[in-house]
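Me: I'm new to reading protein models. Can you walk me through this one?

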Amino acid sequence: MQSVEVDAESIIRVITPALDQSRHKGQAGKIAVIGGCREYTGAPYFAAISALKIGADLSHVFCTKDAAPVIKSYSPELIVHPVLEESYSVREEDKKIIACKVLAEVDKWLERFDCLVIGPGLGRDPFLLDCVSEITRHARKSNIPIVIDGDGLFLVTNHLELVSGYALAVLTPNVNEYKRLVQKVLSSEVNNDDATQQVLSLAKQVGGVTILRKGKSDLISDGDTVKSVSIYGIPRRCGGQGDILSGRQNSLYFYH
Ligand SMILES: NC(=O)C1=CN([C@@H]2O[C@H](COP(=O)(O)OP(=O)(O)OC[C@H]3O[C@@H](n4cnc5c(N)ncnc54)[C@H](OP(=O)(O)O)[C@@H]3O)[C@@H](O)[C@H]2O)[C@@H](O)CC1
Ligand SMILES: Nc1ncnc2c1ncn2[C@@H]1O[C@H](COP(=O)(O)OP(=O)(O)OP(=O)(O)O)[C@@H](O)[C@H]1O
């Protein structure tokens with residue numbers, strides 16, 4: 001099976017709304033990133049700021065208390081909520097009540113968002129991931145589009161029910177994340193000889209979510225068709241490029 005190469009630049013030009021003096025703040029997009037912990041403060045920043053650079057009006061970050069002052073210091077444009085907690089800062093007996101508080105804090109804002117990115121720099125702390133599972137469930141109940149990236153993919157690969165059958169979810173796996181997804185969902189290994197068919201099967205098997213497999217050519221499938229984007233960027237492969245993609249994806253999803 002062949003993928004269809006698309007002209008991503010032309011599509012972006014068509015879907016991005018023109019600047020218009022009659023619009024008010026928020027109409028070009030209110031997005032949020034769920035991510036950022038002790039180790040990773042760059043990833044949520046890259047995702048949140050790139051959504052703004054693409055044209056969103058408001059960009060929020062929900063991160064751990066440790067990560068928040070750092071992310072705030074990168075940019076005054078971001079609205080940063082220090083609400084997530086990792087196990088090391090929560091006593092066992094307080095976990096239930098803290099989890100409820102985290103969820104209540106996020107719920108206050110959730111319905112205002114046009115799209116969420118879940119995962120850049122989230123880390124893998126079990127307590128934090130449990131809270132993020134609940135946030136994902138709430139977002140899904142409210143029909144908010146979600147882009148899952150980074151450690152969010154680690155979470156959903158182990159809990160496929162969080163996204164399974166949710167057509168408003170986009171998963172953006174890199175090489176490692178894709179391999180884990182293929183092994184979990186298709187019980188097989190990555191097949192680069194028929195990459196198009198495999199990404200199609202994967203998207204279908206997860207119930208029509210969109211899979212964007214990052215690589216030399218990005219392959220994108222919703223379980224019905226497969227598109228590819230082969231525009232070449234820069235030859236450097238430094239950390240953070242996927243985070244920028246997921247943040248931009250967030251704004252573009254809303255425009256589309
Ligand atoms: N500044 C920040 O805050 C940033 C934070 N980040 C956050 O970190 C979290 C974990 O994400 P991650 O990117 O570190 O883990 P993962 O994707 O498993 O890669 C790890 C190793 O896998 C390999 N490898 C990767 N690609 C490959 C390829 N194409 N082909 C072959 N091998 C490949 C390569 O291993 P090596 O070759 O060095 O052995 C690489 O070193 C996540 O939350 C993310 O959002 C990042 O966004 C970066 C900026
Ligand atoms: N081998 C490659 N050649 C050209 N472009 C690539 C290659 N691999 C990835 N890319 C591009 O780089 C972007 C980021 O992909 P990458 O695989 O680095 O994501 P990631 O590992 O999730 O990034 P991050 O460091 O932000 O976590 C993708 O949009 C993809 O188009």
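Predicted model: local features only at pLDDT ≥ 70, side-chain atom pairs only at ≥ 80, totals over all residues.

Me: Okay, which helices each supply at least two residues of the shell around ligand 1?

Reply: Helix 2 (42-54), helix 7 (175-186) and helix 9 (241-255) do that.

Me: And which residues come nearest to ligand 1?

Reply: There are 16 residues around ligand 1, and Gly42, Ala43, Gly150, Val175 and Gly239 come nearest.

Me: Zooming out, how many helices and strands does the chain have?

Reply: Nine helices and 10 strands. The chain is as compact as a globular protein of its length, because its radius of gyration is 18 Å, close to the 18 Å that the globule rule gives for 256 residues. Its C-alpha trace spans about 55 × 50 × 35 Å along the principal axes.

Me: What share of the residues is buried?

Reply: A residue counts as buried if 20 or more other C-beta atoms lie within 10 Å of its own. Here, that's 43% of the 256 residues in the chain.

Me: Where does UniProt place the "domain: YjeF C-terminal" feature?

Reply: An unreviewed UniProt entry puts that feature at residues 8-256. This span is 43% helix and 16% strand, and its end C-alpha atoms lie 13 Å apart.

Technical notes. Residues numbered from 1 in each chain as written. Chains lettered and ligands numbered in written order. Near = placed C-beta within 6 Å. Helix = DSSP H or I, 4+ residues; strand = E, 2+ residues; numbered from the N terminus. UniProt positions renumbered as here; feature names shortened; annotations may be inferred. Rg over C-alpha atoms; globule rule 2.2 N^0.38 Å. Buried ≥ 20, exposed ≤ 12 C-beta atoms within 10 Å, placed from the backbone.
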